[in-house]
Amino acid sequence: MTAAEPLPVAAPAPDVPVSHVDPFSVDVLTDPLPFQAALRDAGPVQYLAAHDLYAMGRYAEVRAALTDWQRFCSSAGVGLSNFRREEPWRPPSLLLEADPPHHDAPRRVLSAILGPRALRRWRDRWFAAAVEHVDALLGTGGGPVEVDGMTALAEAFPLRVFPDAVGIAREGREHLLPYGEYLFNAFGPHNELVAAGAVEAGEHAAWVNGQCTRATLAAEGFGADIWAAADRGDLTAEQAPLVVRSLLSAGVDTTVHGLGWVLHGMATHPDQWALYRSDDSRRRVCFDEAVRWGSPVQTFFRTAEVDVPVGDTVVPEGSKILLYLGSANHDPRHWDAPERFDLRRDPSGHVGFGFGLHQCVGQHVARLEADALLAALADRVERIEPAGEPVRRANNTMREWASLPLRLHPR
Amino acid sequence: MTSLVVTAKDVVADGVVALTLARPDGGRLPDWTPGAHVDLTLGSGETRQYSLCGDRWDPSSYRVAVLREPDGRGGSRYVHDVLAVGDPVELGGPRNHFPLVPAPRYRFVAGGIGVTPLLPMIAAAEVLGADWSLLYGGRRRASMAFLDELPAGHATVVPQDEAGLLPLASWLGTVDDDTVVYACGPAPLLAAVEALVPAARLRTERFTTTEIAAPVRDTPFTVELARSGTTVTVDASVSVLEAMRREGATTLSSCERGTCGTCETTVLAGVPDHRDQVLADHERAAGDCMLPCVSRAATDHLVLDL
């Protein structure tokens, strides 16, 4: 939507602060912190006239709303679109875009398959793959190596291990990243970012859907595990492919950009890289601190199931509410010096993975991928430094780097 | 450990009381799914498992129903005779070993107090738009709880003194591939259902009187963090996680309710008292890891790999 078009503005609830800024403009998407600060300072909730939308940006309210599935529902869509009035662009997710009791069985199945205990069988393989990956990148010259941290590390490593763990075909994996990029754009308004991706979205989605059938999945992997759950009757045969699709939708780009924020953090905070390398106890918090600090998933939406009192106002039933995860993760009311990437911090309780019933079911997978890659880098790389200006990419949901020029100094 | 209080105690049938439980501050309780149970540690010091049978759309209260068992170990007598509104109860869980799997059609079979885990399943089946029916047996109509909560037209109620034993075979008929049968009640009833329904189409929950593996202690214990050499004392007022934080030891955590698994920690020595919903029974038994956000110690001392 361009600024010149008159926007339909419904009457906001009384006593609610109103903002006319469009949080999905490219300026805000590529530099969201000033908007977030204004949102938090306006109060516990603000009305965003540009999209007839309520928004919460403070930690306490965002976390409470994420937890309160009874009043803030997901089945009407977790993007701006209201599925009660608009047709979703794809069949809704059985996890992300579902409420109890529909959500129960898919969540239960996936929690077990992606749980920390179940992941142990991948650990050694992923750590070995990371060593191989980093060794190949650094070569044998012994001198500094310049890479684009996004393509060479943040994208390449998850793509190296995750699709194999799901068990999808090798052919066509180039669809994964653009599919996720479009999916996360599509949670926002129908702006130019969505329009630009729409051309090829059907093709990417068709390929992804084709990967979810029993016949195409490998005999070992998360996909096979999901179909095994269907064989046990814990899912239906109709649900199984959609649950596999959830892995391919939510499991790639999110991890990629989480890794992007770790690498950017390390390149711009050399003391933190030194700390990571020297103090084992800081390794466990590293990826979560990056997820808090960068908040690769910035926003998710809910829909008010009933009139919900928030602060001095009432969010009316049926309203869309933007829960600004990135803002909550930078709320100085909760975090000490939130703008600092700091491994000495305890990032527990951040909402970068969401919170409550819908909290990222794949978080342990993402952590394991990050742990593997970072451990391999820590073994061989003394210093990570910027080798040029990093380039941002606007996305309606994700806070992303398109390119991170880095110089890796082997030890 | 989460402390709850009894906010209501109602006789819902002869020999059955329903307890309504809430946090003292009225705050939100952990989420649960139909078929879940909680561990309640009563004032008598004993821990018992009870199925949640309330409304999951009410985030601030739980309901359980307790049958007086004159021959039991005393837990039910305590609930019936001593426990009063306002009394504290310690909560473990909820956990679910009897989840509702998706199906177009459900046949629910309840024997007596076995109706309790089925009530939330019935509520779910209604929302899901599934075809469902209930066969509910008991000794006498007056001893059968929650008859007034069963949606009309779906339930066949069979008090034994009026109508004899449950007509299981004729009521179940042929169980097709679109149907899942859920049965909960005394062992002879479950055996009868098992003889009629293929295993793949049947889910059952037995009444068990086994206590949770580790005794719940309310005396302080110590937790040694092997890597940092710190030792912290954990008393009943705090979680292990919280006690470690107070001493400056950080462990990554997330839900802090024993559901997400983020804070899973390796146990090097001592016996954990598992209070989480993540670990499977064999993992609990192994005792080599725990979730310090909710789990505690069964021994005086725990050593963690932190």
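Predicted model: local features only at pLDDT ≥ 70, side-chain atom pairs only at ≥ 80, totals over all residues.
Q: What share of the residues in chain A is buried?
A: A residue is counted as buried when its relative accessible area is under 20%. Of the 411 residues in chain A, 62% are buried.

Q: How compact is chain A, given its 15 helices and 13 strands?
A: Chain A has 15 helices and 13 strands. Its radius of gyration, 21 Å, is close to the 22 Å given by the globule rule for 411 residues, so chain A is as compact as a globular protein of that length. Along the principal axes, its C-alpha atoms fill a box of roughly 65 × 50 × 40 Å. Among contacts in chain A with a separation of 6 or more, 74% are between residues 24 or more positions apart.

Q: How far apart are the mean positions of the positive and negative charges of chain A?
A: The 39 positive and 54 negative charges have mean positions 7 Å apart.

Q: Why do the buried residues of helix α5 of chain B line one face?
A: An α-helix has 3.6 residues a turn, so residues three or four places apart point the same way. In α5 of chain B (residues 187-196), the buried residues are B:L189, B:L190 and B:V193. Seen down the helix axis, they fall within an arc of 95 degrees, so they line one face.

Q: Which elements pack against that buried side, and which exposed residues lie on the face turned away?
A: The buried residues of α5(B) pack against β7 (105-111), α4 (168-172), β10 (179-185) and β11 (202-206) of chain B. The face turned away carries the exposed residues B:P188 and B:A195.

Key. Residues numbered from 1 in each chain as written. Chains lettered and ligands numbered in written order. Heavy atoms only, no water. Buried < 20%, exposed > 50% of the residue type's maximum accessible area, 1.4 Å probe, protein only. Helix = DSSP H or I, 4+ residues; strand = E, 2+ residues; numbered from the N terminus. Arc of directions from axis to C-beta. Contact = heavy atoms within 4.5 Å. Rg over C-alpha atoms; globule rule 2.2 N^0.38 Å. Lys, Arg positive; Asp, Glu negative; His and termini not counted. Charge placed at Lys NZ, Arg CZ, Asp CG, Glu CD.
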